Protein chains: 2
Amino acid sequence: MTFTISKANLERLQELVAQQRDEELLEAVRDIHPADLAEILDQLDLKEAQYLFERLEPELAAEVVLEVPEDRRDDLLGNYTGKEIAEELIEHFDSDDAADMIAELPEGVREEVLANIEDQEQRKEINELLTYDERTAGGLMAKELVKVHADSSMLECVRELRRHADLIDDIYVILVVDDHDRLVGSIPLKALLTTSLRTPVKEVYDPDVISIKAHEDVEEVNRLMEKYDLVMLPVTDDRGRLLGRITIDDVVDAIREEETEDAQRMAGMGALEYSYSHSSLWEMVKKRSGWLVVLFIGESFTATAMGFFEDQIAKAVVLALFVPLVISSGGNTGSQASTLIIRALALGDITVKEWWRIFRRECSVGVILGLILAVIGYGRIAVWSQFTDIYGQHWQLIGLVVALTLLGVVLWGNLVGSLFPLLLKRLGLDPATSSAPFVATVVDVTGLVIYFSVASMLLREILI
Amino acid sequence: MTFTISKANLERLQELVAQQRDEELLEAVRDIHPADLAEILDQLDLKEAQYLFERLEPELAAEVVLEVPEDRRDDLLGNYTGKEIAEELIEHFDSDDAADMIAELPEGVREEVLANIEDQEQRKEINELLTYDERTAGGLMAKELVKVHADSSMLECVRELRRHADLIDDIYVILVVDDHDRLVGSIPLKALLTTSLRTPVKEVYDPDVISIKAHEDVEEVNRLMEKYDLVMLPVTDDRGRLLGRITIDDVVDAIREEETEDAQRMAGMGALEYSYSHSSLWEMVKKRSGWLVVLFIGESFTATAMGFFEDQIAKAVVLALFVPLVISSGGNTGSQASTLIIRALALGDITVKEWWRIFRRECSVGVILGLILAVIGYGRIAVWSQFTDIYGQHWQLIGLVVALTLLGVVLWGNLVGSLFPLLLKRLGLDPATSSAPFVATVVDVTGLVIYFSVASMLLREILI
């Protein structure tokens with residue numbers, strides 16, 4: 001039973017907004033899931049969206065605002081003072097969502113919001129969360145969790161759970177701590193229903209609980225939750241004391257975001273802040289032009305490189321005809337290789353330490369792929385030469401130059417494509433920056449040098 | 001507390017295997033998480049891995065075998081008969097894992113395994129699951145779930161839960177059905193602990209349960225679970241009768257797999273069956289060479305296109321120098337555009353219906369990006385011409401040709417890159433096939449025609 005936002009639905013809401021029929025309006029949105037309501041707020045005109053948003057129950061508004069795309073959210077909150085944000089929205093948030101939203105506010109508003117959070121406990125928690133880098137486990141965690149002491153009984157678990165049931169939406173696991181608040185184990189919720197309440201926690205909990213340190217990277221969070229099929233991952237400090245927990249829904253969002261940013265970097269552009277449809281024309285040009293210009297300047301060395309061989313080209317124009325074919329083959333191979341390596345690194349399938357194994361393997365792959373294209377390339381020239389004499393009487397030599405160059409360029413492109421991401425990773429940079437266009441540019445420039453060097457050697461005193 | 005597979009650990013296990021000290025071996029692996037044990041089985045030599053695997057308790061072996069990379073799994077099961085697979089492994093699987101594994105077995109073994117499943121109920125469930133396409137919700141679902149009738153009480157929920165607690169690892173939600181087994185609502189597990197057991201289910205359950213039809217696409221599963229932050233999604237038939245459920249861990253795996261396959265297609269290659277490090281050299285060459293050859297043949301039209309302009313090149317060799325620069329700019333822009341559109345389609349951010357809006361927008365972006373590169377391109381030629389006379393006395397005209405071509409090629413590349421994925425999607429094909437290398441190839445060939453046409457017009461009777 002999912003709600004689809006039909007045009008009729010949307011028009012009906014617009015009508016109610018226009019006629020300021022508030023009661024009917026609230027009635028109409030009452031049964032809509034917050035995630036759907038967020039989509040509606042995104043599709044309405046800004047004025048309409050603000051009108052509707054300001055009339056929602058604070059609790060619902062708080063749920064909805066988290067689901068609205070960021071740019072629309074900024075607009076919706078445009079009229080809100082820091083005090084209003086604190087009192088009407090933040091109060092209803094989980095600590096992680098509260099910290100995330102506050103972190104994104106402009107400096108001045110941020111202070112005002114923090115100062116206006118009345119619940120001392122919540123303010124303290126948010127302030128703590130704000131100290132973590134958003135790319136770490138600490139930056140992803142929420143403070144809300146259900147924990148019991150290892151010396152208590154299952155009855156205490158039930159009590160603790162009832163105490164927090166309103167505050168925590170998705171409780172799957174109860175965490176067990178020792179005297180020093182160190183995490184020692186976990187109890188799945190279903191155990192509460194299948195064991196007697198008099199049973200000591202000691203006898204029930206699973207001591208093999210998987211956890212993560214707050215300073216560890218988000219990618220490690222993803223890796224652990226995926227590998228061990230977790231729905232909740234406890235976060236501890238370096239001494240093992242329980243700090244918070246991360247739930248799977250946050251990780252799914254984080255994975256999607258990370259994948260999209262990686263894909264954009266791999267296509268040779270800056271990662272967009274908002275989604276494609278929510279990015280302004282200006283933002284799009286800004287994020288794309290930077291890398292395009294860098295690539296253009298890099299690629300302009302092809303003109304320089306070819307300049308050195310201008311005389312040869314003048315003597316054997318036929319050489320120029322194969323320039324795009326030869327260099328693009330290196331670029332395509334490099335694009336495959338860099339994508340394979342970037343993905344394998346992201347998935348934890350390979351590590352930088354294995355570079356030597358990868359190097360040897362990609363040498364073999366490069367040689368085989370290069371041979372395949374070399375044979376096809378020579379074949380094409382041989383076949384064409386039967387029908388035209390565009391390649392002249394020395395077509396066999398031309399074919400040989402093209403074939404040898406293809407072998408060299410494909411091997412070279414494959415090695416650049418596979419080793420560059422490893423090098424970037426080793427230097428602590430994002431391997432995805434070693435994008436297909438970047439690799440292609442490097443290979444284009446060097447590929448031309450390979451091509452004309454081979455040509456100079458084989459055609460000297462024959463054609464050039 | 002996660003286990004890291006140290007070299008020492010691995011060597012210790014190898015020693016125990018070599019000396020056939022079975023008891024100590026089983027003791028050594030007893031506390032290792034199945035996911036880690038799977039990694040160990042992957043890192044051992046095949047003989048060692050088989051020795052260890054065959055000695056594991058059936059229940060543990062069943063858990064481990066699901067986590068082992070597919071190629072190693074095939075090897076481990078190489079010695080197993082269909083009967084052994086059925087009795088020692090399948091029996092301990094959830095229905096979804098059982099069906100997935102059986103679906104991957106060779107035809108003959110598959111029949112034998114199915115015939116040897118003793119539990120009639122399980123065999124029926126697996127047979128049912130095998131009828132669904134693996135790209136649909138039905139193909140992803142498991143039959144194990146906890147359901148109660150809407151007319152029962154919370155006590156019945158607890159009873160039902162206890163009855164299934166052993167069989168179902170991760171119970172988060174109890175589903176509520178009516179007389180016809182139609183899904184009418186859900187009860188979060190924590191409600192069992194916060195309401196009296198005498199309360200009727202009717203008063204507790206949430207009727208706004210989100211579900212999916214069995215024939216719907218996996219992408220819709222992902223979309224729903226992400227959008228509504230679900231850990232479990234019930235699956236129904238077309239009449240709303242409850243068939244099974246999908247859990248978030250399966251979706252996380254599916255998302256990662258899908259993203260990796262997309263990335264590989266977008267890099268101009270076939271999607272690998274196994275991970276990078278588990279793919280054989282031969283598999284790698286096979287998956288990469290196909291597209292490389294297609295792209296090579298496509299790109300070889302650049303030689304044909306340039307052949308038409310051979311006379312012009314002979315008269316103005318300087319034109320050849322800018323060929324790589326001009327065409328790669330179109331390719332790079334196209335690569336950005338196609339990635340943006342493919343990702344936005346995959347995330348449900350845009351639909352094919354919006355093509356006209358996208359077309360107009362990408363026209364603007366393309367013109368702006370083209371102008372930026374045109375200015376830089378002209379500037380480069382102007383600056384160089386102050387120091388060398390490589391571009392001759394007509395450098396302004398050459399600069400103008402390059403600048404105009406850049407504008408045209410970048411705009412063209414941007415439009416091809418953004419509209420081609422939409423076209424593929426419209427035709428029911430995978431938009432990711434419209435890879436950056438593919439777009440670059442199309443743009444290279446057409447870009448050359450643009451370049452030499454502009455040159456013919458502007459340089460006629462001056463240089464050529």
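Which residues in helix 7 of chain B meet helix 9 of chain B, and which residues in helix 9 of chain B do they meet? In this predicted model, G82(B), K83(B), I85(B) and A86(B) of helix 7 meet V109(B), E112(B) and V113(B) of helix 9. By class, the residues of this contact comprise four nonpolar, one polar and two charged. Helix 7 of chain B spans residues 82-89 and helix 9 of chain B spans residues 107-115, and their axes come within 7 Å, crossing at roughly 45°.

A second pair of helices was examined in chain B. Helix 15 (residues 218-227) and helix 16 (residues 248-266) of chain B have axes that come within 10 Å and cross at roughly 120°. Because of this angle, helix 15 of chain B is oblique to helix 16 of chain B. Helix 15 of chain B passes helix 16 of chain B in a left-handed crossing. On the side of helix 15, the contact is made by V218(B), V221(B), N222(B) and M225(B), and on the side of helix 16 by I248(B), V251(B), A254(B) and I255(B). Seven of the residues in this contact are nonpolar and one is polar, with no charged residues.

In chain A, the arrangement of domains was considered next. Chain A is divided into domain 1 (7-135), domain 2 (147-247) and domain 3 (276-459). The C-alpha centres of domain 1 and domain 2 of chain A lie 30 Å apart.

A pair of helices in chain A was also described. The axes of helix 8 (residues 95-104) and helix 10 (residues 120-130) of chain A come within 9 Å, with a crossing angle of roughly 60°. Helix 8 of chain A is therefore oblique to helix 10 of chain A, and the crossing of the two is right-handed. Helix 8 of chain A contributes S95(A), D96(A), A98(A), A99(A), I102(A) and A103(A) to the contact, while helix 10 of chain A contributes Q122(A), E125(A), I126(A), L129(A) and L130(A). These residues divide into seven nonpolar, two polar and two charged.

Chain B is superposed on chain A by a rotation of 180° with 0.0 Å of shift along the axis, giving an RMSD of 0.1 Å. The two copies are thus related as by a two-fold rotation axis.

The contact between the chains takes 97 residues from chain A and 97 residues from chain B. On the side of chain B that touches chain A, the largest share, 14 residues, comes from helix 21 (residues 323-346) of chain B. This side of chain B divides by class into 56 nonpolar, 22 polar and 19 charged residues. Of the interface residues of chain B, 100% are also interface residues in chain A, so the copies meet through the same surface.

Notes
Residues are numbered from 1 along each chain as its sequence is written. Chains are lettered from A and ligands numbered from 1 in the order in which they are written. This is a predicted model: local features need pLDDT of at least 70, side-chain atom pairs count only at pLDDT 80 or more; totals for chains, interfaces and linings use all residues. Two residues are in contact if their C-beta atoms, placed from the backbone, lie within 7 Å. Helices (H or I, at least four residues) and strands (E, at least two) are DSSP runs, numbered from the N terminus. Ala, Val, Leu, Ile, Met, Phe, Trp, Tyr, Cys and Pro count as nonpolar, Asp, Glu, Lys and Arg as charged, and the others, Gly among them, as polar. Axes are lines fitted to C-alpha atoms, for helices over the stretch in contact, and angles run from 0 to 180 degrees between N-to-C directions. Angles under 35 degrees count as roughly parallel, over 145 as roughly antiparallel, 65 to 115 as roughly perpendicular and the rest as oblique. A crossing is left-handed if the near helix is turned anticlockwise from the far one by less than a right angle, and right-handed if clockwise. Copies are superposed by least squares on the C-alpha atoms of residues with pLDDT of at least 70 in both. Domain bounds come from an automatic or database domain assignment.
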